[in-house]
Amino acid sequence: QQAITEVEGLDALVNLEKLWLCETNIARIKGISHLTKLRSLHMYSNRIRIIENVSTLTDLTTLWLMDNEIEVIQGLEKLVSLEQLLLCRNRIREIGSSLDHNSSMVELNLAGNSLWSFKDLLNLTRCASLRKLSFSDPDYGDNPVCELCNYQTYVFFHLQQLSHMDTMSIPEEG
């Protein structure tokens with residue numbers, strides 16, 4: 001891990017489209033809200049606990065926050081262009097309505113968290129563009145819900161638009 005603990009010195013980079021701040025000791029997402037042309041933000045393997053200060057990044061299509069300390073999915077409501085969200089290996093226990101506004105979401109990886117409820121997974125039925133969904137991933141681990149009987153059948157029954165489930169392709173004949 002690098003000794004970087006906070007984001008600073010990016011004030012002049014207003015045209016920045018990609019930002020990688022990975023494997024550091026950053027604990028808060030801050031100092032980037034002025035980067036409104038940002039399309040890709042990678043802040044994995046840090047110490048981030050809260051998804052914050054990203055609401056102005058409305059052009060963002062890719063957000064990687066895996067391997068952090070995030071407990072709640074929040075602060076993403078205004079990211080309507082978001083297509084890929086990776087929140088693997090955090091401390092998330094619930095999806096709720098947190099992704100309802102992310103209508104462009106194509107890929108969501110929540111592997112290695114603490115999701116446990118079939119009922120909670122139904123919240124993703126409101127993500128009509130979703131094609132790739134993972135609750136289990138060989139690199140990040142499983143959620144407790146993956147241990148429930150017929151979990152994959154249940155998810156696919158309710159999200160029939162999926163082309164990939166748990167990092168594996170779903171045959172067209174289903």
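Reply: Of the 174 residues in the protein chain, 45% are buried, meaning under 20% relative accessible area with a 1.4 Å probe and protein chains only. Keep in mind that this is a predicted model, where local features need pLDDT of at least 70, side-chain atom pairs count only at pLDDT 80 or more, and totals for chains, interfaces and linings use all residues. Residues are numbered from 1 along each chain as its sequence is written, and side-chain values use heavy atoms, with hydrogens and water left out.

Now the core itself. A nonpolar core here is a set of buried Ala, Val, Leu, Ile, Met, Phe, Trp, Tyr and Cys residues joined through side-chain atoms within 4.5 Å. The largest one holds 46 residues, and Leu41, Leu99, Leu124 and Phe135 touch the most other members. Zooming in on Leu99, and skipping residues up to four places away in sequence, you'll find it touching Ile73, Leu76, Leu85, Met105, Leu108, Leu124 and Cys127; contact means heavy atoms within 4.5 Å.

Zooming back out, 36% of the chain's contacts with a separation of 6 or more join residues 24 or more positions apart. As for overall extent, the C-alpha trace spans about 50 × 30 × 25 Å along its principal axes.

Definitions and conventions: Buried means under 20% relative accessible area, exposed over 50%, partly exposed in between (1.4 Å probe, protein chains only).
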